[in-house]
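Let us walk through this model step by step. Keep the 3D view open as you read.

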Amino acid sequence: VGVQDFVLLDSHTSENAFLNNLRKRYQENLIYTYIGTLLVSVNPYKELDIYTVTQMQLYRGINFFELPPHLYAIADNAYRVMCSEYNNHFILISGESGAGKTEASKKILQYYAVTCPTTEQLQIVRDRLLLSNPVLEAFGNAKTLRNDNSSRFGKYMDIQFDFKGAPVGGHILSYLIEKSRVVHQNHGERNFHIFYQLLEGGDKELLSWLGLERNPQKYTYLIQGRCAKVFSINDKNDWKIVRKAFSIIDFTEKDIEHLFGIVASVLHLGNIQFEEDSNGHAIIRDGTQIKWISKLLGAHLSILQEALTHRKIEARSEEVLSPLNVDLAFYARDAVAKAIYGRTFTWLVNKINGSLANKDSTRKTVIGLLDIYGFEVLDTNSFEQFCINYCNEKLQQLLIEMTLKAEQEEYELEGIEWEPIPYFNNKIICDLVEQKHKGIISILDEECLRPGEATDLSFLEKLEEKVGDHAHFVTYAFTLCILSQRKLFPSLTHDRVLGREQICFVPQKINQPVHCLMLTHPVKVRWLWPQVALSPTVKKSLMPQAVRVATQFKNSLTSLIEILMSKEPSYVRCIKPNENKEPGKFDDYLIRHQVKYLGLMEHLRVRRAGFAYRRKYELFLQRYKSLCPATWPHWHGPAAEGVERLIKHIGYKPEEYKLGRTKIFIRFPKTLFATED
């Protein structure tokens, strides 16, 4: 149905032809299509009978293009090359929330679990690798508007193999857990799964010891989205899986007790209420919740109360406690809850890594799985989404660079002349965000730390001043002038500035907290970055946290890119076919949007540069030798000479092909199709 490799499309520069091919295949439940060695995967939103053990064995050890496109072919190819060449690989799985990234990474793990050599001892490692997933999903995934099991963190997992190709260990790196979700969820969304699993699945004795009730409606941090119960999620069953996973991953009962004590303390924190005393200061009249937190965290009661109702300030070189008002006390409470959960997640990842660590000092090879958050535009977007979208820009840059490099190297190895390829290089977008002293993150750092009043408006003005003349950046300076005269805090809404490749900051005249609106290549995608409307003094004390987060994330991303650059790449690009998770529905507008920002047309353009198809002489001859009397049934000379004899007999014209050192390169898909016919 259609072509199973987009490289073989006649109209390879046509977006319509690309979509038509994708649609034809999707309607026949063919959810996988290649662009060369990149796999495009469209979420079917239903179970397909293509992940059985029989299917796994079918793809095991088979040449990449011998069978129809499949996730298992990507996994097997990376594994076979790693074993034969003893080098390291990574598989980058990307796409927006609900496109099927997490499921794809689980399928790859399962493939290795079934098809790799094993022993009884290795089975323990294998089980721990597999069961790390439900634990991380419980603490790091949540129901969003677009996906009932959305990863709210980035995950890179190295699977370590010994010289026999058996999995012997692993290591996980996590990126930017969405801590803001702990204290706030949009309508129709939930907090992290673990809270609901604990209340639904925990036994009476455990809940009693934690001071919890089974009803999630009792907890402020669980009711904002108004959907504690979700039809597609079985919290009770998931709780059992997580508890089983803890025992296999080697958590002690003491570890588990402490872990759930912390989870419960977050729920108790959310239920703390503040009142105003006669001086306008925040006080806690009902101490029930804070007593539970004191018990569960082992913290002194008075210290906890002090932490939630006061802040430390410097006065005459001394630290003194300054009381908070009620609004700031609530903000402090939420900040504590986010910090506790973020640190707990880091501890959890480290604990899992301890159980996966291989103590043997002999050399290992690795295959890394990168399941990274998707490039998204929601109605209201958080600071985390800014970081997520920036991350996707960097990974797009990496993909194009590595694909170009691989293509160029192959041409040079084969003695074929390289033809320069026109494509959009998004380095200019990445530089605009990350460049030292000049990029948006550096400007944010400066603005947060400078003396005097720093507000969202002053940040926007600084951006206009520093990067206002950048070819890919725009603000509306006249609006800023009006706003500064009226002293309004604007809110930003979507501005459909189409036909541009720019990052766009657009203020709107609405008397609400400031948001920053961004628009970026390859499609006109917007990121909203809301700031909390606080007094300038309080903002000044809190905003450096944003500096640390943005800069730390940039540094983490740089380290990740270095890790990936040292390995051989494979790519899986996941596409969400519709917003309603409806099987069989193919939303052209939504998919066209994803094709653009995933850079699929750019990737196809690079892969199609010059030659649509290339194959080793031996494989080409094996496939087509029956078309020429001289090569059928057996050719007794070098394969290259046999191919040359074969294509002359068929009638290939000189402009249709080139002969490399080990491969034949065919320029046009129609030449190959004619040969197939």
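Which strands does helix H15 (residues 383-414) lie across, and at what angle does H15 run to E20? H15 lies across E18 and E20. Its direction makes about 120 degrees with that of E20. Bear in mind that this is a predicted model.

Now look at the sheet under discussion. It is an open sheet of 3 strands, in the order E18-E20-E19. The pairing is antiparallel. Strand E18 (613-616) and strand E19 (657-659) are the edge strands, and each pairs on one side only. On average, neighbouring strands of this sheet are turned by 15 degrees against each other, direction ignored. Follow E19 to its partner, strand E20 (residues 663-666): the two run antiparallel and are joined by 3 bridges. Here Lys658 stands opposite Phe665 in E20.

In general, strands of a sheet pair through backbone hydrogen bonds, in either a parallel or an antiparallel way.

At the E7 end, strand E6 (residues 154-161) pairs with E7 in the antiparallel sense over 8 bridges. Within this pairing, Ile159 has Gly170 of E7 as its bridge partner.

At its start, a side-chain oxygen of Ser14 comes to within 3.4 Å of the backbone nitrogen of Asn16. Just after H1, Asn29 takes a positive phi of about 65 degrees.

Which residues of H1 are buried? They are Glu15, Ala17, Phe18, Leu19, Asn21, Leu22, Arg23, Arg25 and Tyr26. What covers them includes strand E1 (32-35), strand E2 (38-42) and strand E17 (568-575). Helix H22 (588-597) and helix H23 (600-607) are also among the covering elements. An α-helix has 3.6 residues a turn, so residues three or four places apart point the same way.

Technical notes:
Residues are numbered from 1 along each chain as its sequence is written. This is a predicted model: local features need pLDDT of at least 70, side-chain atom pairs count only at pLDDT 80 or more; totals for chains, interfaces and linings use all residues. Side-chain values use heavy atoms; hydrogens and water are left out. Buried means under 20% relative accessible area, exposed over 50%, partly exposed in between (1.4 Å probe, protein chains only). Helices (H or I, at least four residues) and strands (E, at least two) are DSSP runs, numbered from the N terminus. Contact means heavy atoms within 4.5 Å. A polar contact is a pair of N or O atoms within 3.5 Å; within protein, one must be able to donate a hydrogen and the other to accept it, and residues adjacent in sequence count only if both atoms are side-chain atoms. Two strands pair if DSSP finds at least two bridges between them. Axes are lines fitted to C-alpha atoms, for helices over the stretch in contact, and angles run from 0 to 180 degrees between N-to-C directions.
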